[in-house]
Amino acid sequence: MPASSSPIAGDGTSALIDLAAALEERFGIEIAKGPANGGFVFTLSLFKPSLLPALCKFMFWEHGCLFGGITAEEQAARWEMHYAFLLPGAGWIDVELSLPIETTSLPSIVAEVHAADWHEREIEDMFGIRFENHPRLGDFILHDQIWREGIEPMRKSFAAGRPPLEHKVDREWQPLLIVGDPGSFAMPVGPVYEGGIGESLHFLLETVGEDVIRAVPRLFYKYRAVEKIAEGRTILDALLLAERFAATSAFAHSLAFCQAVERIGAVEVPRRAAALRVLLAELERMRHHAGAITAICESTALAVSSAQVAIIEENLLRASCVFARHRYLFGLNTPGGLNCEFGLEQCKELLVAVDKAESDLRLLEKRLRFSSSFLDRLEDVGAVTGESARDLNLVGPVGRASAQNCDLRKACPYSGYGRYAFEVPSETEGDGYARLRVLFAEATQSAKLMHQVCAALEEGPVRVSCQVQRAGAALGWTEAPRGAALHWLRVSDEGIVERYRAVTPSFNNWLGFHVAAEDFAFQDFPIILATFGLSATECDR
Amino acid sequence: MSFWFWHGLRKGIQTTRYPERAENTPGVSPGRPVNTDFSTDEAAQLAAEICPTDAIVAHGKSTYVNHGKCVHCQLCRYSLRSPMNWEPGYEWSRIPTNQAEAAPLPSAFAKSMHIMVVDAGDCGACLHEVKQLNNPLYNMHRLGLFLTATPRTADVLLVVGPVSENMRGPLLKTWEAMPTSRKVIAVGTCAISGGVFGKSFMCACGVGAVLPVDFEVPGNPPPPLAILHGLLAVAGRKSLKTPTSISEGRL
């Protein structure tokens with residue numbers, strides 16, 4: 001467990017115990033493990049799959065839990081399903097379901113927890129488990145026009161290393177249209193669009209004229225099967241994958257992965273390493289937000305502002321490179337701490353660059369606030385209500401712009417975040433402008449955090465040995481720049497990865513993107529897309 | 001609103017002078033490991049063993065780096081008692097090993113070259129660095145390099161990413177739609193060798209497995225100036241030497 005000193009408030013644990021007791025009473029389920037995994041994770045075993053929808057509804061709606069994701073696993077010739085929920089301020093609840101391998105279907109929880117939609121689609125596509133009463137399965141990761149039915153790549157029997165199958169492109173294939181009325185038409189966008197500078201993904205925009213009635217994103221063009229190819233690799237090799245599947249939030253993902261490894265190995269990271277990790281994570285957040293703001297300015301075609309914020313972003317990239325010897329902070333995290341040491345002079349130098357960027361950003365925000373043509377394009381555009389955001393479990397700055405205030409740095413502190421004072425900015429309007437304001441405010445908070453870290457940096461090692469010598473599974477989590485990231489890892493006693501699951505903020509938020517894009521005019525579409533700041537590669541993995 | 005005009009002017013010119021002059025601002029490039037001579041065979045062997053993608057090959061006391069495989073994990077810098085040497089710089093682009101010599105576009109394209117970018121499963125870093133070329137600090141427009149949104153008017157196909165299976169079709173379609181004078185430039189280690197993703201049922205192990213590649217820009221990710229160097233090489237404004245030996249990266 002990293003920085004065990006990050007305390008969970010006493011009442012937090014008791015809230016977990018209360019919830020577990022309520023679940024035990026109401027659903028007759030058993031607490032398999034008490035507060036295991038370093039006091040953060042409760043594992044509950046459910047024996048009757050039919051209770052699943054009611055149980056998830058109870059947790060999500062009646063107890064205010066946040067949905068963390070579903071992980072399927074083929075373990076010792078049985079199916080193991082994990083339904084993760086977060087009780088903010090307390091910890092994680094992992095509802096475990098063990099089923100015989102012959103099981104081919106499960107009750108869907110989509111009707112109760114809409115946020116589970118894509119998780120179930122992914123499991124159906126990759127494992128072949130059907131979810132009863134799910135409104136739409138199929139054609140998700142394995143695109144129907146090239147992949148034939150019946151391929152289940154995440155099954156253990158499927159060899160990841162085999163060469164790509166010879167595909168026959170089905171030229172007759174048609175996407176499913178939702179509106180489909182006479183007079184309506186569908187406008188396809190992508191996968192190669194914006195001159196390729198946009199990430200590869202596809203939108204089907206259904207319209208009857210000026211407004212987008214339905215916006216259906218079709219992702220996974222960039223799917224590289226990271227979860228599958230990680231299996232059978234050593235922990236260090238899998239870490240390379242965790243770090244490199246989404247480079248613009250590389251540090252946050254490698255941190256979550258390392259925390260999972262450290263929990264399995266029961267290793268405590270030195271306080272200096274934990275503090276430096278916070279420093280680097282906040283540097284990444286600030287740089288990411290500068291990039292997201294650049295994209296928003298570009299989408300509204302306000303050229304001078306986008307040029308100026310692009311300079312800020314590039315300067316932060318350069319500062320990262322000078323500080324950590326890599327512009328995207330690769331190669332720093334390792335299980336047990338950090339690969340290299342950072343001196344005080346280096347930190348001071350970094351803070352100078354950070355302060356410059358922060359004051360430049362504040363100045364820019366002030367100027368943007370007085371640019372009416374800019375604000376006209378953002379205000380009331382792409383609005384997501386608080387209810388929708390809760391319903392779809394939106395995370396990160398997008399969720400916080402719609403009054404969903406969850407931030408894992410506060411809700412379930414890791415790496416010693418509990419030691420620092422910072423705010424989690426949030427807004428209630430949920431429109432494009434609110435999302436922009438959240439980005440600016442968070443960048444300021446990140447700078448503040450970096451100052452606190454450097455001021456209180458303790459002496460000591462930045463790394464301890466972290467040898468995994470026993471089999472185990474654990475969850476690691478971080479608040480990545482785009483929101484909550486969960487990495488679930490199971491390793492064998494030889495330190496070989498048996499199952500790796502990454503639930504990323506983009507995967508969560510893409511599901512909710514259509515809510516913002518629908519009923520707005522075509523010309524607003526790129527702006528809404530930019531204010532959501534989603535990454536296809538982070539979603540696709 | 002007119003204040004933007006003044007703020008823009010007041011910022012002054014921020015653009016790099018590269019390629020007329022070398023750009024040495026700290027942080028423009030992370031550098032890379034280079035061929036290193038160690039004092040013992042064992043030290044060279046250790047360096048080769050620690051490399052997770054076999055980019056380092058030991059030969060006696062010497063090690064050679066194939067930058068087309070280096071994923072910049074920095075293990076050979078941080079985790080060895082005697083670390084590999086690192087070089088600064090960014091003029092890294094090279095010719096694929098299956099090509100005899102550089103074949104740039106005809107000179108008519110030297111001052112006006114249109115680039116089509118395709119993201120074939122990139123992690124976001126290379127694409128982001130290509131994007132940086134449009135910011136005022138690099139401003140590739142001044143060199144007559146333009147991004148275009150349609151393959152019909154494109155002269156160069158710039159591909160990032162290891163070519164995921166779902167992007168193989170769109171990538172080939174884009175290539176087929178281009179005029180046949182096209183050149184293909186693979187940017188980043190993943191586009192050259194598959195990088196950490198390697199060869200799998202979902203990954204083609206680099207652009208070379210799908211398309212004929214004319215130029216390569218190694219790096220994970222290559223910094224903007226390295227990509228710019230590669231583009232200038234395609235335009236025939238930077239000449240590249242053909243690697244002839246193992247020490248020049250021909251592995």
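Student: Which strand of chain B holds B:Thr63?

Tutor: First, this is a predicted model, where local features need pLDDT of at least 70, side-chain atom pairs count only at pLDDT 80 or more, and totals for chains, interfaces and linings use all residues. Residues are numbered from 1 along each chain as its sequence is written, chains are lettered from A in the order in which they are written, and side-chain values use heavy atoms, with hydrogens and water left out. Strands are DSSP runs of E, at least two residues, numbered from the N terminus, while helices are runs of H or I, at least four residues. By that rule, B:Thr63 belongs to residues 62-65, strand E4.

Student: Is B:Thr63 buried or exposed?

Tutor: Buried means under 20% relative accessible area, exposed over 50%, and partly exposed in between (1.4 Å probe, protein chains only). Contact means heavy atoms within 4.5 Å, and beyond four places in sequence B:Thr63 touches residues including B:Phe38, B:Ile56 and B:Met84. Its relative accessible area is 0%, so B:Thr63 is buried.

Student: How many salt bridges are there between chain B and chain A?

Tutor: A salt bridge needs a side-chain nitrogen of Lys or Arg within 4 Å of a carboxyl oxygen of Asp or Glu. A:Lys222 and B:Asp119 form one, with their closest N and O atoms 2.7 Å apart. Between chain B and chain A, the count is two.

Student: Which element gives the largest share of the side of chain B that touches chain A?

Tutor: The contact takes 63 residues from chain B and 73 from chain A. On chain B's side, seven residues come from the element with the largest share, H4(B).
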